[in-house]
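Please consult the sequence and coordinates alongside the text.

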Amino acid sequence: MNYRSPISPGVSWYEASVAERPSYPPLEGDIRADVAIVGGGYTGLSAALRLADQGTKAVLIDAHRFGDGASGRNGGQLGTGQRAWPTELEGDLGLERSRALFQIAEDAKSELLAMADDHGFDIDYRPGQISAVHKKRWIKGYRNHTEAMAERYDYPHLAFLDREQTAAAIGSERYHASIRDVGTGHIHPLKLVVGLAAAAKRSGAKLYENTPALDIAAENGGIAIRTERGVVHASRCLVATNAHGDAFDAEPVSPRHIMPIRSFVGTTSALPDDNAILPAGEAVDDSRFMVRYFRKTPDNRLMFGGREAYSAKTPNDIAGHIRRQIGEIFPALSKTDIDHVWGGSVGITLPRLPFVRTIMPGVTSIGGFSGHGVMMATHTGRLWADAVTGHRDDLDLLKDLDIPPFPGGTALRKPLLFLAMTWYAMLDRL
Ligand SMILES: Cc1cc2nc3c(=O)[nH]c(=O)nc-3n(C[C@H](O)[C@H](O)[C@H](O)COP(=O)(O)OP(=O)(O)OC[C@H]3O[C@@H](n4cnc5c(N)ncnc54)[C@H](O)[C@@H]3O)c2cc1C
């Protein structure tokens, strides 16, 4: 029984470069646990690991293979803070809450690296991130942000780079300025998935792939999760289906609040050893609303993401599109070979902050990290596990965020999103 994995147009460089990706059996028959988890990306897997480490009996099911959602296919950039800059969040949330959200993200960063270390798996962490300015009008804001982060958030790791410094750091004349962040870095996302799953299994969690949850319902003071060949009975349940919540309609709340945007990534063939691209090995994201993101792989390819889509239909010639985008930034690569092309669904929310909500008694839904989930999804899964076992209550800060549903219901939200995104794509070009 192999359910069609969430659509990707090809095999990723991550799949091609991960040494081992053990598979897990589908669930056959009924099973009882303290906690049931639906969805085996970073959120679900890190919750399962944390619960199992604390002696709680956890069962996790995924409709496909672990990492077939966003977690095995993303750009691997940890970033700093939440998706929106803390200085932007201050307006709506005030300085104190914005600082607390920033601190959660800093904890996410350090705990991710410590957890991989403690459980003995490698995630290919490389330090350094550059956020590049693609339009002159953003230069001042980036400079101010650098100063505000040091002054108001005690974050001394940012340095503003002018045009010349940026050209030297990226190896491209295309950008007007940038910020270098030496307090963060990037990883191999699928190695994180594989490591989390193996560690959770070793710690005693029961893991099942190719097992979609078809229905989540209350039963006798607990919860029953129905799958094709068995039922998971539990006292608590975490729904961690992110952008894929509407695939099996297991519950209606998450898909109303978390919208999929498809993002495509490609890698070039190996670059010549003497190339001038990213000599210090940072990852880059840029100031477009439709962010372009890139970095070099350990085997010296350029990995580049930026092509997006707002429907389930896979666009034509993704490799050609990515090659053109690469050529705009690195003209010498405008005819480069693209060896791997793949894509995944980014789960976004309206305010681009995580969705954490009790959706029925005993059932919490977590997702919608809006392109910022490598460290935040991993951390939020742990926070939820800690809340369940009574170890800490930092989750409340995320639960209190006001995440409205997308307007237009499931029928109209995609055309509305398409219109909004087309508008932002136009602003990126002006
Ligand atoms: C192309 C791309 C690039 C990205 N780049 C970055 C980046 O550089 N930095 C960053 O921080 N973030 C990035 N992200 C976002 C990041 O990958 C996600 O925020 C994060 O992986 C979300 O993890 P998750 O566990 O919440 O969800 P997912 O990894 O999406 O997992 C959800 C899982 O739920 C399963 N599922 C769905 N329905 C059911 C069901 N009914 N029953 C059982 N299982 C079900 C799916 O099969 C899937 O495995 C990117 C995302 C994409 C797609």
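The points below cover the fold, the surface and charges, and the aromatic pairs.

The structure is a predicted model. The protein contains 11 helices and 16 strands. Its radius of gyration is 21 Å, close to the 22 Å that the globule rule gives for 430 residues, so the protein is as compact as a globular protein of that length.

**Dimensions and packing**
- Along the principal axes, the C-alpha atoms fill a box of roughly 65 × 45 × 45 Å.
- Of the 430 residues, 57% are buried.
- Among contacts with a separation of 6 or more, 75% are between residues 24 or more positions apart.

**Surface and charge**
- The accessible surface amounts to about 17700 Å², and carbon and sulfur atoms account for 51% of this area.
- There are 48 positive and 51 negative side chains, with the centres of the two sets 5 Å apart.

**Aromatic pairs**
- The protein has eight aromatic pairs.
- W85 and Y142 form an edge-to-face pair, at 4.9 Å centre to centre and with 70 degrees between the planes.
- W85 lies in the loop between strand 2 (58-61) and helix 3 (86-118), and Y142 lies in helix 4 (residues 139-153), so this pair ties together parts that are 57 residues apart in sequence.
- W85 is partly exposed, with a relative accessible area of 24%, whereas Y142 is buried at 9%.
- F102 and Y153 also form an edge-to-face pair, at 5.6 Å centre to centre and with 70 degrees between the planes.
- Because F102 lies in helix 3 and Y153 in helix 4, their pair ties together parts that are 51 residues apart in sequence.
- F102 and Y153 are both buried.
- W13, Y14 and W342 are linked into a cluster by ring pairs.

Key: Residues numbered from 1 in each chain as written. Predicted model: local features only at pLDDT ≥ 70, side-chain atom pairs only at ≥ 80, totals over all residues. Heavy atoms only, no water. Helix = DSSP H or I, 4+ residues; strand = E, 2+ residues; numbered from the N terminus. Rg over C-alpha atoms; globule rule 2.2 N^0.38 Å. Buried < 20%, exposed > 50% of the residue type's maximum accessible area, 1.4 Å probe, protein only. Contact = heavy atoms within 4.5 Å. Areas by Shrake-Rupley, 256 points an atom, 1.4 Å probe, with all protein chains shown as cover. Lys, Arg positive; Asp, Glu negative; His and termini not counted. Charge placed at Lys NZ, Arg CZ, Asp CG, Glu CD. Phe/Tyr/Trp six-rings, centres within 6.5 Å; stacked < 30°, edge-to-face > 60°.
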